[in-house]
Amino acid sequence: MKTDIQIAQEAKMQHIREVGAKLNIAEEELDFYGKYKAKVTDELLERVKDEKDGKLILVTAINPTPAGEGKTTTSVGLGEAFGKLNKKAMIALREPSLGPCFGIKGGAAGGGYAQVVPMEDLNLHFTGDFHAITSANNLLAAMMDNHIHQGNALNIDTNQIVWKRCLDMNDRVLRNIVVGLGRKADGVVREDHFIITVASEIMAILCLATDMKDLKERLGRIIVAYTYDGEPVTAEQLHAVGSMAALLKDALRPNLIQTLEHTPAFVHGGPFANIAHGCNSVRATKTALKLADYVVTEAGFGADLGAEKFFDIKCRMAGLHPDAVVIVATVRALKYNGGVPKTELSAENLDALKAGIVNLEKHIENVQKFGVPAVVTLNRFATDTDTELQFVKEFCEAHGCEFSLSEVWEKGGEGGIDLANKVMKTIETKESHFKPLYENELSLKEKIHCIATEIYGADGVTYDAAASKALARIEELGFGNLPICMAKNQYSLSDDATKLGRPTGFTVNIREVYVNAGAGFVVAITGNVMTMPGLPKSPAADRIDVSDDGVITGLF
């Protein structure tokens with residue numbers, strides 16, 4: 001059986017101008033990055049801004065398991081399936097991070113015959129967007145430390161610096177460091193920290209900004225530290241906005257690539273969903289809606305994280321109105337949630353399936369809370385039995401969802417035609433009454449309680465003393481009306497990664513809270529979630545190589 005990278009490397013790609021032409025994008029409205037990648041120009045964004053929007057389809061999933069679910073694969077295959085049905089379709093995805101690519105998760109280009117290409121470029125440096133974000137983030141850090149070194153006219157309290165440096169790599173030793181050691185000329189000695197680039201507020205800002213004016217206003221509102229009097233110090237006060245915007249000028253524009261079947265795809269921005277808001281850029285999604293009749297987008301990890309933030313943060317801010325949701329699952333993952341070890345998932349086990357399907361049930365209920373109709377799709381494995389598949393089908397239909405089997409990994413768009421038809425049927429017969437989960441006017445603690453109880457199924461929320469104090473201060477500063485971005489492990493509905501299925505009788509603990517004033521949300525960190533991941537004992541980097549003739553191997 002061919003690996004994903006072998007399939008991708010054997011693909012016959014079209015020149016990106018031909019891909020753009022499918023959406024009536026003129027060649028002069030593309031800036032080429034070689035033959036198969038391009039950034040769209042501001043002229044294109046301006047030209048299409050008044051066009052009618054197509055239908056917006058969100059692909060989400062159950063909580064991820066070691067058995068695999070295939071959310072991105074489904075997103076790509078669904079877009080390809082619309083193409084098979086002669087529908088004008090486009091995919092809008094996030095860019096992969098180098099951290100998990102060389103860590104444990106691998107790349108994020110889809111899989112099998114439902115991939116976006118060029119796969120190696122996408123998973124590595126792509127068009128340099130993440131490097132631009134990293135540079136802008138660290139420029140702000142450098143300017144802040146230089147300001148302190150040069151006399152500290154803003155009266156910054158070095159014990160209340162909240163801006164962290166970033167790096168797009170899993171590197172645990174950088175989580176907590178000391179800077180400024182050495183001579184007086186080497187700066188002020190203080191504790192500092194690194195986060196991964198996808199957790200940077202600048203990543204979130206880039207993904208939520210509508211244009212350069214909005215980008216600069218958001219950058220200016222970034223809080224980097226507090227004074228000895230407890231007042232916030234912003235990037236605007238450090239005169240860093242113009243320079244950061246210059247670094248982000250090209251990164252702000254969406255990237256156009258293609259699937260293996262030449263379906264156009266915007267891949268732009270990449271905040272993680274467990275520690276950030278988990279959605280691709282507003283610019284990419286909105287532009288795709290102007291160019292295509294059907295736009296397939298996705299949000300990171302399970303619906304408890306990515307979908308909730310897609311609805312409550314991205315859709316709320318951007319005025320988006322999703323028309324349908326696809327929830328991805330596998331029989332294997334559901335049995336894993338029912339207590340079956342990974343080594344025994346191939347055997348039929350209806351009891352485990354019945355025990356584990358409650359995870360899917362909760363995600364269906366959660367999507368329905370937002371008023372958007374849902375379709376459930378199972379990525380089919382050869383070991384799935386007819387009895388197991390029939391049980392899941394009947395379960396989903398009893399919960400008011402269309403059901404479809406997906407075979408896009410093996411067959412590409414052809415394997416997603418039934419899913420595409422079910423999605424179109426759902427859009428045509430079930431009106432979306434989208435609404436956010438909570439109102440802006442609620443207090444921050446009320447919003448956190450709402451997410452924890454309504455989406456996770458918790459009995460309540462507890463707070464570390466520092467978190468409660470931070471929430472009070474954030475509201476005092478006037479940020480109480482912002483939405484909440486929950487940072488939680490992805491493997492469980494609870495804040496304990498070991499609690500599978502549909503846990504009950506638990507509380508969620510908030511240990512840290514801070515405001516991303518530029519992005520426009522408040523981050524609440526639960527449990528032991530890390531904003532700088534580490535590499536596993538056997539990282540993917542161990543197996544990645546380049547042959548003498550320049551062919552990359554081991555990337556997945």
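Predicted model: local features only at pLDDT ≥ 70, side-chain atom pairs only at ≥ 80, totals over all residues.

**A glycine and a sheet**

Let me begin with glycine 270, which counts as buried because its relative accessibility is 2%, where buried means under 20% relative accessible area, with a 1.4 Å probe and protein chains only. Residues are numbered from 1 along each chain as its sequence is written, and side-chain values use heavy atoms, with hydrogens and water left out.

Glycine 270 sits in the loop between strand S15 (264-267) and helix H11 (282-291); helices (H or I, at least four residues) and strands (E, at least two) are DSSP runs, numbered from the N terminus. Which residues does glycine 270 contact, leaving aside its neighbours within four places in sequence? They are Arg94, Glu95, Phe130, Val198, Met203 and Cys207, where contact means heavy atoms within 4.5 Å.

Turning to the sheet, three strands form an open, antiparallel arrangement in the order S7-S12-S13, and two strands pair if DSSP finds at least two bridges between them. Strand S7 (156-161) and strand S13 (232-234) stand at the edges with a single partner strand each, so one side of each has no neighbour in the sheet. S7 is joined to strand S12 (residues 223-227) by two bridges, and isoleucine 156 has threonine 227 in S12 as its bridge partner.

Methods
Buried < 20%, exposed > 50% of the residue type's maximum accessible area, 1.4 Å probe, protein only.
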